[in-house]
Structure formats: structure tokens, C-alpha cells
Amino acid sequence: MTAEYKVHGDVAVITMNNPPVNGLGLANRQGIASGLEKANADPAVKAIVVTGAGKAFSGGADIKEFGSPKAIAEPNLLSLILACENSAKPVVAAIHSVAMGGGLELALGCHYRIAAPGANVALPEVKLGLIPGAGGTQRLPRVLGVETALNMIVSGEPVKSELLAQLPGQKLFDKMASSPESLLEEAIAFARSVAGTRPLPRVRDLPCKHPQGDAYFQFARNMVKGMAKNFPAPAKCVDAVEIATKKKFDDGMAAEREIFTNLMFTPESRALRHIFMAERAASKIGDVPEDTPKRKIERVGVIGAGTMGGGISMNFLNAGIPVTLLEMKQEALDRGVATIRKNYEAQVKKGKLKQDKYEQRMSLLKTTLSYDDLKDTDLVIEAVFEEMGVKQKVFETLDGVMKQGAILASNTSTLDVNKIASFTKRPQDVVGLHFFSPANVMKLLEVVRGEKTAKDVLATVMDAAKKIRKTAVVSGVCDGFIGNRMIEQYSRQAGFLLDEGATPQQVDRAIEKFGFAMGPFRMGDLAGNDIGWAIRKRRATERADMKYSRTADKLCELGRFGQKTGAGWYDYREGKRDAIPSKLVEDMIAAHRKEAGIEPRKISDEEIVQRLVFALVNEAAHILEEGIAQRASDIDMVYLTGYGFPIHRGGPMLYADQVGLFNVMQAMKRFQQNPRDDAKFWEPAPLIKKLVAEGKGFNG
Ligand code: NAI
């Protein structure tokens with residue numbers, strides 16, 4: 001947790017040791033500061049090396065201390081950097097593996113820097129909606145030149161040390177070590193060689209100018225504006241670097257601090273920081289310890305080579321895991337494989353995949369019509385028709401043939417995973433793996449935990465999800481799991497809005513302006529309106545008392561299933577995806593209103609957004625309360641990675657917190673008064689009432 005201090009002859013070495021990436025937490029900062037003090041007080045020491053143990057020089061701020069008083073307790077990062085800069089004896093940063101954020105800023109406060117090849121160097125604060133806050137915007141341009149530094153600060157992307165070292169005139173690295181292994185030894189020798197140098201070089205004393213000055217910054221601002229629509233931080237990075245070229249160093253530092261602090265309070269930065277933490281939290285399951293032994297997943301079986309089966313297979317092939325794909329008929333197999341090939345070929349054409357990689361992936365794919373060929377796979381994922389009878393046959397067969405310990409997963413989107421598990425004599429090995437379409441693209445994977453799913457099965461599939469680069473979120477068993485259960489309420493609201501006077505295009509426009517990738521009606525046309533129709537029919541008996549707009553059914557009765565039939569809520573020109581408002585649909589909705597005796601009214605965009613988003617929030621609160629979701633931030637991850645919820649708003653739960661749960665509840669009470677809406681649904685969930693009474697939000 002802290003830094004180690006050791007003297008090698010006349011050179012003191014301070015080694016940060018705070019696994020995994022030597023985050024600059026309080027104990028680590030204290031350790032470095034006390035090392036500097038010791039070294040300066042020891043007459044035998046002539047120079048100082050600062051480095052990091054293990055896998056990093058330093059990855060920057062310690063995420064465990066995010067938002068806690070420890071993060072800013074003295075010595076804070078700024079004072080620590082000053083202590084390096086003001087050290088009477090030369091301080092040499094010995095950089096390897098990772099120097100990011102505060103880690104790089106610390107190195108910039110040292111008098112000299114020596115780097116090992118292969119080190120990733122970055123100022124990634126912009127990814128959290130911030131600018132570097134400990135001198136990064138003022139010092140990096142002084143050592144790398146304004147343009148390179150600004151590119152790094154605005155993108156937040158890491159750059160390899162050897163690339164930076166090749167830049168003409170760069171002053172970031174005084175020397176490159178010949179290898180990571182010899183770094184420390186070379187750093188000590190280097191420190192010795194500069195032990196007598198006075199005055200000591202300081203980055204703050206270097207000039208900072210751009211030859212085109214204002215014109216360059218104007219250009220940079222225009223570039224950034226196009227790239228970062230909803231986020232203020234990138235433009236602020238430009239401001240801060242421009243200040244570095246115009247003001248004295250200390251004034252620049254003060255300006256950087258002010259911009260940093262202001263950004264901290266923006267909803268966009270809060271959203272990005274929330275997502276950063278939420279992503280990490282989602283991979284943890286409360287009652288499944290992290291060291292739970294995992295089963296090995298070396299071969300995967302996929303049943304059904306339709307829309308989902310093909311995409312699911314691609315995920316594993318991409319990760320180098322062999323897949324055996326099973327179908328009922330050879331034609332279906334051929335079709336499925338052809339689609340996989342087509343997808344890969346499109347990637348090759350776009351230059352996103354190399355030909356040899358494509359061939360390598362295809363060579364991992366085997367096809368079969370026989371369950372015998374699946375029996376030795378470690379994980380088998382079923383993606384057959386959404387009918388309980390079909391699933392039953394598949395799982396009974398699997399139970400008979402699969403080796404002991406194999407994990408049996410279903411990609412069902414609406415069926416009861418406990419019931420599916422009951423078709424086997426090994427319900428502990430059964431789990432839901434709910435991929436989203438297109439399964440090779442969408443990040444989200446809902447891991448559906450059955451009543452009897454074993455902990456090591458959960459630990460194994462969470463691990464496998466990481467390998468195939470999915471964001472896995474655990475859901476309990478319920479109709480629709482987390483995501484689709486919530487979207488049902490959102491879709492119902494979209495329908496009521498049509499009944500009451502809105503057009504599909506108005507609803508879509510309002511929610512897209514809010515930031516959703518696609519409004520509900522354009523989305524319906526893309527996914528196929530017949531899917532929802534089939535689900536509504538199936539549920540008609542189960543939920544006879546559920547009120548919903550009949551417009552979607554009437555649309556399907558007209559055969560307007562969406563893009564695939566050339567017409568849905570919108571009209572489509574052949575081969576094109578542009579949604580054109582439809583007169584026929586408008587008339588259908590008008591006739592429906594007339595029939596139902598509804599006098600249309602003008603509905604504001606604000607009301608549209610509130611009803612759609614708060615419908616998600618109220619259902620989510622029930623989901624949370626029932627323990628279907630483990631935590632509010634998991635629900636946000638589902639919506640951010642699977643449903644196109646705007647990133648800059650941080651997900652429905654964080655958005656509700658930012659609006660204020662009290663205000664959300666007031667709006668729900670208003671909606672309850674609307675006779676065209678569903679007053680029962682708008683009864684605020686008990687959890688919302690409780691949190692409002694306690695003055696809290698979903699996220700504390
Ligand atoms: P699909 O109709 O495109 O593909 C199903 C495939 O399974 C067909 O190729 C069919 O020949 C094959 N099949 C049917 N019974 C079989 C059996 N007994 N043995 C072997 N193969 C069999 O269906 P899709 O869309 O791929 O859906 C599959 C599953 O994934 C369903 O449970 C669905 O609810 C779920 N799902 C679908 C999503 C979607 O957007 N399409 C999203 C998430 C889940």
C-alpha cells in the first residue's frame with residue numbers, strides 16, 4: 001500500500017508498491033514524500049530514483065479512494081509533485097509498463113525521466129469527463145510540444161514510450177533504457193551521472209508556444225466540437241493547453257485547477273465516473289467470492305444457427321475458443337455458416353480484420369447435426385426457437401449426452417430459466433446467457449441466475465464474458481429479466497403517447513434529442529414489430545388486466561413489421577434505412593383515437609422524455625427491490641450497453657439521481673392523474689418512496 005525506500009550506494013530508490021497499478025493513494029503518496037525527505041536529509045545520498053513495483057510505474061489516482069477524503073488528504077498529488085520538483089537532489093523517474101494520469105504527472109514533476117520500451121503513457125482523465133488536474137495540461141506541452149500533448153490529452157489514449165522518444169525535440173524522456181529488466185540499473189547509473197548538475201532542470205521552466213498560436217487553437221476547438229457532442233471536457237482540454245502557451249506557469253496551474261474542479265461537478269463527468277465504477281462493480285457477485293474456482297472453458301457448443309446462434313459463435317471464435325455449431329438440418333447449418341462468413345468478410349473489406357485472422361477464426365468452427373459432437377464441450381449455449389417445448393427437448397437431450405460438469409446455458413429472452421433447468425437432472429449447471437442482437441456486436445450479456453445455478457458456474461460464465469469482451473450483468477429470473485422487463489414499460493408509454501396525440505416521429509425525435517441512439521418506433525422498425533406483437537399475444541391471457549395502446553397491434557395487422565417488410569411505423573425506400581413519416585400510419589393512429597373517443601392534445605418533448613425514462617426508472621426500482629438486479633449501477637450498465645441509453649447521462653438510475661428522486665416522484669404522481677395512462681403503474685415503487693423519505697438517491 002505504500003512506497004519502499006532503499007539506498008543503493010549514493011542513490012536512494014523510492015519504489016511505489018500499491019498493487020495492482022501503484023495507484024497514488026494516500027499511503028503511497030505519504031511513502032513517496034517521506035522517501036524524498038529521508039533522501040534529502042541523508043548526506044550519503046546524492047540522487048533519487050522514483051519507480052514502481054510490479055506491473056506499473058503508476059496508473060494514477062487510486063480508484064479505491066475515489067470521492068473519499070483520502071483522495072485529497074495531504075500530501076495530495078499536487079504537493080507531492082512540488083516536493084519532487086523542489087527536491088534539492090535530482091529526482092529521476094524510472095518509468096515502465098504504465099504511466100498514466102497522476103502517475104505521468106508525478107513523473108513530469110521529476111527533474112529527469114528514463115523510460116523502458118513498451119511503457120504505455122497517457123493522460124486519460126478526459127475519459128472521466130475531466131482534464132488532468134495535477135499539472136498535466138501545463139507540463140506535457142512543454143516536453144512534447146503543444147500538438148502531440150493536446151492530442152494525448154484530448155483523446156486520453158496511451159502512446160508507447162518508444163514512439164514518444166522518437167519525436168524530434170521531445171523532452172519527456174531524457175533517456176530510453178535498453179529493456180524493462182535493466183531499467184532500474186540504468187536509472188541508478190543515470191541518477192549518479194546527473195548527481196552534480198545544478199541548477200536542476202524543471203519542466204515548468206521550459207518554454208511553451210505554438211507557432212500558429214490562435215489559429216491552431218481555433219482549429220483544435222473545431223475538431224473537438226465535432227467529436228465530443230455531449231461532453232464539455234475535451235473543449236476544456238484545449239482551453240487548458242492554450243492557457244499553458246499564454247500564461248505564466250503558476251497562473252496556468254491555477255487555471256487548470258479551476259477548470260478541473262468545475263468539470264468535477266458536471267453531470268457528464270459524474271456520469272462517466274459512475275460508469276467507470278459501475279463497470280467494475282457489475283463483474284462482482286455479492287455471494288460469489290472472487291476466488292471461487294472456475295471451470296475450464298476450452299470448447300463451446302452452440303445450438304441453433306439462426307440470428308443469435310451465429311453471432312454468439314462469432315464471439316467465441318474471435319476469442320480463439322473453438323465452437324461446434326449444431327442445427328436440425330444441413331440447410332440451416334449452411335445458412336448460418338454463410339452468415340458468419342458474410343459478417344467476417346464485411347470486416348475484412350472494411351480493413352477491420354486481416355484475411356489470415358478471418359481464416360484462423362473460421363478454422364475454429366465445426367458444424368454438426370449430432371449431439372454426440374457436443375458432449376465434450378465445456379459450455380453449450382442454446383439459441384433455438386423461443387418455445388418452451390423446443391427448449392425442453394433440447395435440454396433433456398443435453399442432460400443425456402453432455403459430460404459431467406459442462407455448463408448448459410440458454411439464450412432465452414422471455415422464458416423461465418428455472419423451468420428450463422428443471423428439464424435436466426443438473427439444474428446447478430444451468431444458467432441463462434442472454435445475448436443481445438447482433439450478438440457479435442452488442443456489449444451486453446445478461447447472466448440469468450437460476451434458483452439452483454451453482455456459484456462456480458456463475459463465476460465461470462462471468463469470467464468467460466470477460467474473455468469474449470462482454471459487459472456481463474447478473475439478473476435474477478423474471479419475465480424479461482432486467483432489460484426487457486423495463487423496456488416493456490417504456491414501450492407502453494410510447495404507445496400511450498401516440499393515443500394521446502403524439503406522432504411516432506415526435507416521440508422518436510424527443511428521445512433521440514435526449515440522447516438515445518434510436519427512438520422506440522425507429523427501434524421497433526429495425527428489430528421487427530412482429531416480435532413484440534407475438535409477445536403481447538402470448539401474454540394477453542397472463543396479463544389480461546395490463547393496459548396498453550392498441551396502435552402497435554393495428555400496425556402489425558397491416559403487415560407493417562418494419563424495415564424487413566419495407567414499412568413499419570415509417571415508410572422505407574427500397575434498400576434504404578431512412579425512416580420517412582407515413583401518412584397511412586398517421587391515419588391509422590387518428591382512426592384509432594376516434595374509435596377510442598380520445599381528443600388528441602399537444603404533448604411537449606419534455607413530457608415525452610419524462611414518461612419514457614421515468615417508466616424505466618419505476619420498473620427498475622421494483623427490479624432492484626425484488627433482488628432481480630444486485631445494484632442500481634448494474635441496471636445502468638444494462639441500459640448503457642444494451643439499449644442505447646445516452647452515455648453522458650450515465651444510465652436511467654444515475655439520471656434519476658441527477659434529476660433528484662423527489663422530482664421524479666412528483667412527476668410520477670402527475671402522470672397518475674392522466675386518465676389515458678396507467679395510474680397503477682405510476683404508483684412510485686416503494687423503494688423510491690423510501691429513498692425520497694431518507695433524502696437519498698439510488699446511488700447513495
Ligand atoms: P432464429 O429463428 O433466427 O434461429 C433459431 C434457430 O434454431 C433456427 O436456425 C432453427 O433451425 C434452430 N433450431 C430450432 N429448433 C432447433 C433444435 N431443436 N435443434 C437445433 N436447432 C434448432 O431465432 P433467434 O432470433 O436466433 O432466437 C434464438 C433464441 O435467442 C430464442 O430463444 C430467442 O428468444 C433468443 N433471443 C433472440 C434475440 C433476437 O434479437 N433475435 C435476442 C436475444 C435472445
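Let's start with helix H12, residues 307-318: 10 of its 12 residues are buried, so the rest of the structure largely encloses this helix. Buried here means 20 or more other C-beta atoms within 10 Å of the residue's own, exposed means 12 or fewer, and partly exposed is in between, with C-beta atoms placed from the backbone. Helices are DSSP runs of H or I with at least four residues, strands are runs of E with at least two, and both are numbered from the N terminus.

Before I go on, please keep in mind that this is a predicted model: local features need pLDDT of at least 70, side-chain atom pairs count only at pLDDT 80 or more, and totals for chains, interfaces and linings use all residues. Residues are numbered from 1 along each chain as its sequence is written.

Back to H12. Its buried residues are Met308, Gly309, Gly310, Gly311, Ile312, Ser313, Met314, Asn315, Phe316 and Leu317. After the helix comes glycine 320, with a positive phi near 80 degrees.

Now, the ligand. Which residues are closest to the ligand? They are Gly304, Gly306, Met308, Val384 and Ser437, out of 25 that surround it; a residue counts if its C-beta atom, placed from the backbone, lies within 6 Å of the molecule. H12 contributes two or more residues to this shell, as do helix H15 (388-401) and strand S15 (430-435). By class, the shell holds 13 nonpolar, 9 polar and 3 charged residues. Nonpolar covers Ala, Val, Leu, Ile, Met, Phe, Trp, Tyr, Cys and Pro, charged covers Asp, Glu, Lys and Arg, and the others, Gly among them, are polar.

Let's zoom out to the domains. The protein is divided into domain 1 (4-264), domain 2 (300-475) and domain 3 (483-694), with bounds from an automatic or database domain assignment. For residues 300-475, an unreviewed UniProt entry lists "3-hydroxyacyl-CoA dehydrogenase NAD binding"; such annotations may be inferred rather than shown by experiment. That span is 42% helix and 20% strand, with its end C-alpha atoms 22 Å apart.

And how do domains 2 and 3 meet? Taken over C-alpha atoms, their centres are separated by 30 Å. 11 residues of domain 2 are in contact with 11 of domain 3, contact being C-beta atoms, placed from the backbone, within 7 Å. On the domain 2 side, strands S16 (444-448) and S17 (471-475) each give two or more residues, and S17 has the largest share, with 4 residues. That side divides into 5 nonpolar, 4 polar and 2 charged residues.

For the C-terminal part, the unreviewed UniProt entry lists "3-hydroxyacyl-CoA dehydrogenase C-terminal" at residues 480-572 and 608-696. Residues 480-572 are 62% helix and 2% strand, while residues 608-696 are 65% helix and 0% strand.

One last stop: glycine 575, in the loop between strands S18 (570-571) and S19 (580-581).

How values were computed:
Contact = placed C-beta atoms within 7 Å.
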